[in-house]
Amino acid sequence: MAARGGYWSTLTDPLIRQNPVTLQILGICSALAVTTTLATAVTMSVSLTIVVTLSAWIISLIRRHIPGAIRLIVQIVIIASLVIVIDQVLQAYLPDISRALSVYVGLITTNCLVLGRTEAYARHHSPLPAMADAFGNGLGYSLILIVLGGVRELFGKGELFGVQVLPLASDGGWFTPLSLMLLAPSAFFLLGLLVWTIRSLLPEQSEARETTPPLTGEPAE
Amino acid sequence: MAGPDRNPIRRLLALPNESRTKTVLVAFLVSAVCAALVSGATVMLRPIQAANRAAEEQARIAALVEGIPGMAELLERSGGELSTVVIDLESGRAAQEVTPATLQTALADPANWTALDAGEDLAGLGQRPDYVQVFLLRNGEEISLVLLPLSGQGYGGRIDAIMALRGDMNNVAGIAVTNHSETPGLGGRIEEAAWQAGFPGTELRDASGEVQFRVARGTASSVHEVDGITGATRTGRGVTNMVRFWMGPDGYGPLMDAIRRGEF
């Protein structure tokens, strides 16, 4: 994942091939919590992408001067401050969505994805590649959130961005909403199916078996 | 470079990362910059957030009135506007000098607040304003609905709510929670319509005039109770105490007596 392939591969790798959610299984809790509607999923994605890109940039700028003993604290303080600023901006300009996201914007601070990128990549690379990597990871996370949010809102309410797409049976249409889609478990199922699909298409993503199944075939005599 | 650098910043940056001075200084600088960033954002955005909250409160009041059966129609007949009155809590009458426009300035003066003894202070407020703005809806001369702002200590912080009472000053017509900081998913569910739906029809007082309202532990078992929220006992107790304080003699008691006597 080094800058060898240029910025383009640093940016596009995390979309599918190195996707932080489906490959590294990071940032799951927010992916489950905020994807009931597309609007919250998009807002959360944008907030996280901004936070991860800016924090990667700042940390990469001061990377030569972060003392090893306190490097995690320094990174978390920077990330947390950016998250608070984003939260305040959302509360000021998008109050409804901010209420729907409730604590999850604040929890971007503890999202392993953000600290993971700053600790693993930004700390060792110059600002531009660090930002490209962080932005790519933000987009990878956003992609999964938007897919989940879209599927859940479409099948859970028959809406997309709050606009009725499928005519509801209660209003004379044909579509009966699947209430399960609005509950957290459905996000788990969808995410599982998504991981399964991606790993079937890209077998190199599958993890090695931890145990080997016992040999069968030769029946005991 | 010959000789030590004169510029103290450059000298500092040249220190090895593991040195104690640099560790302390980097920690200090990072926290100072972050503190400035966070405070700056909070201070700059506060007016917009306050305006949002005020607009939201208006919307909640409108939704509260709309949601009470028969009230939307009454509101329309009275010109679509609730009448706003500033009440002097002590006497229970409309305040003479203070109007809704001057209420903010009046409340900035500590002389217009009354300190509460521990015994009286059910809602955990410490002090109570002497003037409060309430909303009335009249049907001809008779008062058919009063909206009373309440506030009290919950589990995570202060809870602000608006309670709608019918003209008899005993039947609750509805409640809207305008501000709270309870735990999301537990106490935070007081802002959900499903919980607030338990309020209409609840009676505040028993036959002897004692305030009996409370948030039950579990399911409501009498006409004075509303359902409790599992896992939010202290939020429920906060709401109980808030309602009991404001409906009692130190809250809207004098006002409610005056309305019941038909003096309002």
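The mean pLDDT of chain B is 85, with 95% of its residues at 70 or more, and the model scores ipTM 0.74 and pTM 0.68. Where pLDDT is low, the predicted coordinates should not be read in detail.

Residues are numbered from 1 along each chain as its sequence is written, and chains are lettered from A and ligands numbered from 1 in the order in which they are written. Because this is a predicted model, local features need pLDDT of at least 70 and side-chain atom pairs count only at pLDDT 80 or more, whereas totals for chains, interfaces and linings use all residues.

**Chain B: sheet and hairpin**

- The secondary structure of chain B comes to seven helices and ten strands, these being DSSP runs numbered from the N terminus (helices are H or I with at least four residues, strands are E with at least two).
- Six strands of chain B form an open, antiparallel sheet in the order β2-β1-β5-β6-β7-β8, two strands being counted as paired if DSSP finds at least two bridges between them.
- The edges of this sheet are β2 (93-94) and β8 (172-179) of chain B, each of which pairs on one side only.
- Strands β6 (residues 142-153) and β7 (residues 158-166) of chain B pair in the antiparallel sense over nine bridges, and G152(B) has I159(B) in β7(B) as its bridge partner.
- Strands β7(B) and β8(B) pair in the antiparallel sense over six bridges, with N179(B) in β8(B) as the bridge partner of D160(B).
- The hairpin formed by β7(B) and β8(B) has five residues between the strands, and M169(B), found in this loop, has a positive phi of about 65° although it is not a glycine.
- M169(B) counts as buried because it has 20 C-beta neighbours inside 10 Å; the cut-offs, applied to C-beta atoms placed from the backbone, are 20 or more other C-beta atoms within 10 Å for buried, 12 or fewer for exposed, and anything in between for partly exposed.
- Seven of the eight residues of β8(B) are buried, so β8(B) is largely enclosed by the rest of the structure.

- Leaving aside its neighbours within four places in sequence, W246(B) is in contact with L148(B), L150(B), G251(B) and Y252(B), contact meaning that the C-beta atoms of two residues, placed from the backbone, lie within 7 Å.
- Of the 264 residues of chain B, 28% count as buried, and among contacts in chain B between residues at least 6 apart in sequence, 54% join residues at least 24 apart.

**Contact between the chains**

- The contact takes 19 residues from chain A and 20 residues from chain B, and helix α4 (residues 71-93) of chain A gives the most to the side of chain A, with ten residues.
- The side of chain A that touches chain B divides into 13 nonpolar, six polar and no charged residues, with Ala, Val, Leu, Ile, Met, Phe, Trp, Tyr, Cys and Pro counted as nonpolar, Asp, Glu, Lys and Arg as charged, and the others, Gly among them, as polar.

**Two loop residues of chain A**

- F161(A), in the loop between β1 (159-160) and β2 of chain A, has a positive phi of about 55° although it is not a glycine, and F161(A) is exposed, with 12 other C-beta atoms within 10 Å.
- P177(A), in the loop between β2 (163-164) and α8 (184-201) of chain A, is partly exposed, with 17 other C-beta atoms within 10 Å.
- Leaving aside its neighbours within four places in sequence, P177(A) is in contact with G156(A), K157(A), G158(A) and L168(A).

Notes. pLDDT is the predictor's confidence in each residue, from 0 to 100.
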